[in-house]
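The structure comes first, and the notes follow.

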Amino acid sequence: MAKTKTQFVCQNCGTIHTRWAGKCDGCGEWNTIIEDDPMGGIGSGPGKVPKKGRAVTLTTLSGETEEAPRIYTRIGELDRATGGGFVRGSAVLVGGDPGIGKSTLLMQAAAALSREGHRVIYVSGEEAVAQVRLRAQRLGAANTDVLLAAETNVEDILATLAEGKRPDLVIIDSIQTLWSDTADSAPGTVTQVRTGVQAMIRFAKQTGAAMVLVGHVTKEGQIAGPRVVEHMVDAVLYFEGDRGHHYRILRTVKNRFGPTDEIGVFEMSDKGLREVSNPSELFLGERNDKAPGAAVFAGMEGTRPVLVEVQALVAPTSLGTARRAIVGWDSARLSMILAVLEAHCGVRLGQHDVYLNVAGGYRISEPAADLAVAAALVSSLANTPLPAECVYFGEVSLSGAVRPVSQTAQRLKEAEKLGFSNAVLPSSSAEMPKGSKSRWNEIDGLPDLVVMIAGSAKNLGKPAEED
Ligand code: TYD
Ligand code: MG
């Protein structure tokens with residue numbers, strides 16, 4: 001009989017190695033590789049005879065299929081992120097940093113669904129029943145029919161779920177605490193988490209319950225341990241936010257039943273999470289429009305426009321090498337904008353420290369923010385405030401050209417709605433809204449922007465003695 005082979009699995013990224021090593025080739029982490037059972041402990045071992053396969057009926061692509069049945073939480077921002085409510089028979093992974101508010105959000109969702117008459121089971125592996133109750137009281141969810149269990153063993157959870165009426169929604173908080181008797185490895189390992197998640201997904205598929213799995217994120221921003229889990233589930237939502245700020249963003253990164261790149265915005269209060277239906281107002285709330293170095297970026301998050309302030313501070317450096325510090329944007333992208341300003345616009349930034357911040361702890365991932373960043377930088381360097389009622393968007397190329405971006409009309413509409421009557425945007429942008437009274441400055445290249453803000457690029461950023 002063939003000897004059961006063992007393999008070595010990285011606990012961080014899931015890469016499989018044939019022998020143990022101190023460092024994982026896959027992710028570069030140290031001491032993350034442990035010995036693991038290749039079959040996850042299921043179906044392996046001596047005495048198992050592979051069963052003969054059964055032929056399934058093949059079908060065509062053109063058949064009629066019903067829309068996936070959904071259950072709505074009536075928490076608008078959550079339903080938006082899931083693409084219109086939880087899908088029955090599917091599994092959703094909600095990831096996020098510890099303490100960001102995952103348990104809070106899901107308890108509120110559980111309470112809301114329970115009020116609608118759904119059977120909701122909340123399985124907590126991290127907190128004792130008393131703690132969960134305490135939170136529920138704080139959230140005003142204590143008087144609902146949400147059923148509670150503090151359990152981490154997969155078999156016990158499945159047995160519990162199978163009892164009584166079928167649940168409509170099951171919440172497992174969190175997958176890192178799950179452990180199964182069938183897997184031989186220690187709790188918290190890739191194999192254990194994978195086995196547990198597989199069992200939960202199977203339960204959801206068989207019973208038509210919507211399964212919500214909570215997962216913690218590692219410092220690299222991945223769901224802790226197995227990335228594999230992201231592939232197994234139907235949707236992945238990340239709950240993000242800055243601890244110094246009150247609001248939280250629920251971001252869809254994968255969705256088999258709806259659009260990705262959607263966001264739901266919440267504000268953490270003493271009574272739990274509150275929906276924020278107009279995020280732009282929140283992000284622009286504390287704006288000082290007379291300060292140099294602040295530009296309003298008209299961005300998009302999925303189908304939703306979001307206006308946010310980009311702040312820059314450019315000052316002559318007192319050190320040998322200039323500092324670049326950046327919060328809420330990509331540092332490689334900033335280096336590129338600085339290089340383009342130097343090379344094509346005659347703006348000297350080599351001897352200047354550059355600090356860039358996106359207001360309110362918000363994070364921009366769109367290249368469309370290039371123009372707003374450039375505007376903020378030039379405004380700070382020239383010590384000239386930008387016009388208060390103006391928004392900026394457009395992608396900057398290495399040649400200094402400003403390129404059109406998608407969804408111009410929605411960006412401009414949102415800007416107008418919030419009282420911005422002026423916009424600087426790429427020329428040849430398609431789909432401009434018609435019949436608007438606003439002024440739009442279409443530009444072709446970054447030099448146009450520099451001239452618009454600083455009058456001329458001459459001497460901009462040059463040390464005084466060179467004048
Ligand atoms: P929690 O949902 O436990 O986070 P996670 O499950 O993601 O680890 O939320 C923890 C934080 O939220 C905690 O620091 C306290 C704060 N909080 C409030 O500010 N208001 C509330 O009503 C609740 C329940 C929590
Ligand atoms: Mg929690």
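## Confidence

Over residues 41–45 the pLDDT stays under 50, and for this stretch the model has eight contacts beyond four places in sequence. The model is a predicted one, and the average pLDDT of the protein chain is 87. A score of at least 70 is reached by 91% of the residues.

Among the helices and strands, confidence is highest in strand β7 (residues 120–124), with a mean of 97. Helix α7 (residues 279–283) has the lowest confidence, with a mean of 79.

## Domains

The domain assignment divides the protein chain into domain 1 (1–40), domain 2 (70–277) and domain 3 (282–456). Taken over C-alpha atoms, the centres of domain 2 and domain 3 are separated by 37 Å. Domain 2 gives 15 residues to the contact between these two domains, and domain 3 gives 12 residues.

## Helix α8 against helix α9

Helix α8 (residues 331–345) crosses α9 at roughly 60°, and their axes come within 10 Å. The crossing of α8 past α9 is right-handed.

On the α8 side the contact is made by R333, L334, M336, I337, L338 and L341. The α9 side supplies D370, V373, A374, L377 and V378. By class, this contact of α8 with α9 has nine nonpolar residues, two charged residues and no polar ones.

## Helix α9 against helix α11

Helix α9 (residues 370–382) also packs with helix α11 (residues 446–454), at an angle of about 40° and with the axes 10 Å apart. That angle makes α9 oblique to α11. In passing α11, α9 makes a right-handed crossing.

From α9, the residues in this contact are L371, A374, A375, V378, S379 and A382. From α11, they are L446, L449, V450, I453 and A454. By class, the contact of α9 with α11 has 10 nonpolar residues, one polar residue and no charged residues.

Technical notes. Residues numbered from 1 in each chain as written. Chains lettered and ligands numbered in written order. Predicted model: local features only at pLDDT ≥ 70, side-chain atom pairs only at ≥ 80, totals over all residues. Heavy atoms only, no water. pLDDT = per-residue confidence, 0-100. Helix = DSSP H or I, 4+ residues; strand = E, 2+ residues; numbered from the N terminus. Contact = heavy atoms within 4.5 Å. Axes fitted to C-alpha atoms, helices over the stretch in contact; angles between N-to-C directions. Parallel < 35°, antiparallel > 145°, perpendicular 65-115°, else oblique. Left-handed = near helix turned anticlockwise from the far one by under 90°. Nonpolar A, V, L, I, M, F, W, Y, C, P; charged D, E, K, R; others polar. Domains from an automatic or database assignment.
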